Amino acid sequence: MDQEQARRWLRTALDEARAGLDEGGIPIGAALYGADGALLGRGRNRRVQDGDPSAHAETDAFRAAGRQRSYRGTTMVTTLSPCWYCSGLVRQFGISRVVVGEAETFHGGHDWLAGHGVEVVVLDDAECAALMREFIAARPALWNEDIGDE
């Protein structure tokens, strides 16, 4: 995948992450793009806002995309390495590629996805990492709740 295109798509996910933070939530954003490059859906982590533990950024973007005949050829773009729950969603529905903004603050299931044939592009984006580092420092209890760490 072209790095320039991946970074353009990451902007959509970053906008969602910032919106989530402004709403008092966890700053993780995602977007699902079609094989033709069309934006199918975008979303953010809404666990706090909706009181829904399953409302992760990737699931929010997936739901916003609506029902698709097939997810083959689609790309899930996320500001942070996807957790096991969201990695399972990618595998379950055959999403072909995952673009990860950063995996420094949380190393989720992207290696597992790559081992199962999903193309994974890790951008090591400084803006994504800074957003998460600042959030984790300011709200460690909420972050630990989100990742299931007591």
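Which residue of strand 2 stands opposite Leu32? In the predicted model described here, that residue is Gly41. The model is a prediction in which local features require pLDDT of at least 70 and side-chain atom pairs count only at pLDDT 80 or more, whereas totals for chains, interfaces and linings use all residues. Residues are numbered from 1 along each chain as its sequence is written, and side-chain values use heavy atoms, with hydrogens and water left out.

The secondary structure of the protein chain consists of seven helices and five strands, where helices (H or I, at least four residues) and strands (E, at least two) are DSSP runs numbered from the N terminus. Along the sequence these elements follow the pattern α-β-β-α-α-β-α-β-α-β-α-α. The radius of gyration, taken over C-alpha atoms, is compared with a globule rule of 2.2 Å times the number of residues to the power 0.38. Its value for the protein chain is 14 Å, close to the 15 Å given by that rule for 150 residues, so the chain is as compact as a globular protein of that length. The C-alpha trace spans about 40 × 30 × 25 Å along its principal axes. Buried residues account for 49% of the 150 residues; buried means under 20% relative accessible area, exposed over 50%, and partly exposed in between, with a 1.4 Å probe and protein chains only. Of the contacts (heavy atoms within 4.5 Å) between residues at least 6 apart in sequence, 54% join residues at least 24 apart.

The five strands form an open sheet of order 2-1-3-4-5 with mixed pairing; two strands pair if DSSP finds at least two bridges between them. Strand 2 (39-44) and strand 5 (119-122) stand at the edges with a single partner strand each, so one side of each lacks a neighbour in the sheet. Neighbouring strands are turned by 15° against each other on average, direction ignored. Helix 6 (residues 126-138) packs on this sheet through strand 3 (75-80) and strand 4 (97-102), and its direction makes about 60° with that of strand 4. For such angles, axes are lines fitted to C-alpha atoms, for helices over the stretch in contact, and values run from 0 to 180 degrees between N-to-C directions.

Strand 1 (residues 29-33) runs antiparallel to strand 2 and is joined to it by five bridges, with Gly29 opposite Arg44. These two strands form a hairpin with five residues between them, and Gly37 in the turn has a positive phi of about 90°. Strand 1 is also antiparallel to strand 3, through four bridges, and Tyr33 has Thr75 as its bridge partner in strand 3. Five of the five residues of strand 1 are buried, so this strand is largely enclosed by the rest of the structure. In a regular strand the side chains alternate between the two faces of the sheet. Gly29, Ala31 and Tyr33 lie on one side of strand 1 and Ala30 and Leu32 on the other, and both faces are covered.

A nonpolar core is a set of buried Ala, Val, Leu, Ile, Met, Phe, Trp, Tyr and Cys residues joined through side-chain atoms within 4.5 Å. The largest core has 26 residues, of which Ile28, Leu32, Phe62, Met76, Ile95, Val98 and Trp143 touch the most other members. At least two residues each come from strand 1, helix 3 (57-65), strand 3, helix 4 (84-93), strand 4, helix 6 and helix 7 (140-147); helix 3 supplies the largest share, four residues. With residues up to four places away in sequence not counted, the contacts of Met76 include Ala30, Leu32, Phe62, Leu89 and Val98. A second, separate core of 14 residues includes Leu10, Ala31, Tyr33 and Leu131.

The loop between helix 2 (47-50) and helix 3 contains His56 and Ala55. His56 counts as buried at 11% relative accessibility, and Ala55 is buried with a relative accessible area of 4%. A polar atom of the His56 side chain lies 3.3 Å from the backbone oxygen of Pro53. Beyond four places in sequence, His56 touches Arg44, Asn45, Arg47, Cys83, Tyr85 and Cys86, while Ala55 touches Arg44, Asn45, Arg46, Arg47 and Arg63. Ala55 and Gly43 are 12 residues apart in sequence, with a C-alpha to C-alpha distance of 9.4 Å.

Note on methods:
Polar contact = N/O pair within 3.5 Å; in protein donor to acceptor, adjacent residues only side chain to side chain.
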